[in-house]
Amino acid sequence: MKRLVKWLGGSIAALILLAAVGAGVGYLLLLQTVPSPSGRLAIAGLSAPVEVVRDREGVPHVFAKTTRDLYAALGFIHAQDRLWQMELQRRVGQGRLSEIFGERTYSTDVFMRTLDLYGHAERSLAVLPAAVKEALDAYADGVNAFLQRPVGPFQPRLPPEFLLLRHQPEPWQAADSAVIAKLMALQLSMNLNRELLRLTLATHGLTSAEIEDLLPSDDVVGAPPPMPEIAELYPLQRAPDPVRRADASGVLEGIDGLIGTGASNNWVVSGARTASGKPLLANDPHLHLEAPCLWYLVHLALERPGAEVSNVVGASIPGAP
């Protein structure tokens, strides 16, 4: 009996020790995913050294000699801090969430592929100004530099979400940033469901005047300008059977999750009423609450020889320069 008790005690102690060691190793691995506030890292594509200084609030201050290097560094630190958020955003735009989450995101993927938002993002690249295209390419180089960076023996290459879901991100492309901008526009299309309803009524033969009679506009800033018949704008085809709401309810719920509500507001305080003597601009964007937040505070400083430093400070969106 004493031998059994001794054996059980030893086994329990061994299990506790193994659990403690496992917890310690897990903690060290998670610690490695937190951006280091110091150190040097050589990455490809930079024309000169770039310095990133994180203040006590964790906000990065980036100092570079060229705009291209600034955008590349921004892509790197965005990926360093928000890669999982960026991956989810581009997959929403691509209609590829279900590759990770399965059937639960199927309706959202169908809706996004029906809009072909990513196809529009790819086609947009051909008509963007050269400077914008260069910024997108430099940013993508910075994100991919993070994905391909050298890591230590116990340092995971990807954030914990990727490890838990056993997901490997693809290289970042300029179209990925473009689709995030288009996704932002979609989220602000707060009358989308109303427009879909107007199109549905048009497919059943109603004219624009009849639709306006059923769905009058909010007369806030006066009557809207006259519009052509909806049937002249879109190739509408009337469905042979009435559309049942039950058939579309799942898709509409997915749409409601993407689209924002309400409206933003902003105001300005005159410099005559501030301690600095300079005006203050305050803005309240009415967007969905997210974790992490949509915005990413950053300071970019362009240090050109023989010129004053150009500083840009404010909120950026992870995934876009």
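How many aromatic pairs does the structure hold? In this predicted model, there are two aromatic pairs, listed below.

| Pair | Distance between ring centres | Angle between planes | Geometry |
|---|---|---|---|
| Phe-76 and Phe-146 | 5.5 Å | 85° | edge-to-face |
| Trp-84 and Phe-162 | 5.0 Å | 85° | edge-to-face |

The pair of Phe-76 and Phe-146 links distant parts of the chain, 70 residues apart: Phe-76 belongs to helix α2 (residues 67-94) and Phe-146 to helix α6 (residues 130-147). Phe-76 has a relative accessibility of 11% and therefore counts as buried; Phe-146, at 5%, counts as buried as well.

The largest nonpolar core comprises 42 residues, of which Val-62, Ile-77, Leu-83, Trp-172, Leu-186 and Val-298 touch the most other members. Elements that each supply at least two residues of this core include β2 (60-64), α4 (106-115), α8 (174-187) and β5 (296-302). Helix α2 gives the most, with ten residues. In soluble globular proteins, nonpolar side chains tend to be buried together.

Beyond its neighbours within four places in sequence, Val-298 is in contact with several residues, among them Val-59, Val-62, Leu-74, Ile-77 and Val-312. Another core, of five residues, lies apart from the largest one; Leu-201, Ala-202, Ile-211 and Leu-215 are among its members.

Note on methods
Residues are numbered from 1 along each chain as its sequence is written. This is a predicted model: local features need pLDDT of at least 70, side-chain atom pairs count only at pLDDT 80 or more; totals for chains, interfaces and linings use all residues. Side-chain values use heavy atoms; hydrogens and water are left out. Rings of Phe, Tyr and Trp (its six-membered ring) pair if their centres lie within 6.5 Å; planes under 30 degrees apart count as stacked, over 60 as edge-to-face and the rest as tilted. Helices (H or I, at least four residues) and strands (E, at least two) are DSSP runs, numbered from the N terminus. Buried means under 20% relative accessible area, exposed over 50%, partly exposed in between (1.4 Å probe, protein chains only). A nonpolar core is a set of buried Ala, Val, Leu, Ile, Met, Phe, Trp, Tyr and Cys residues joined through side-chain atoms within 4.5 Å. Contact means heavy atoms within 4.5 Å.
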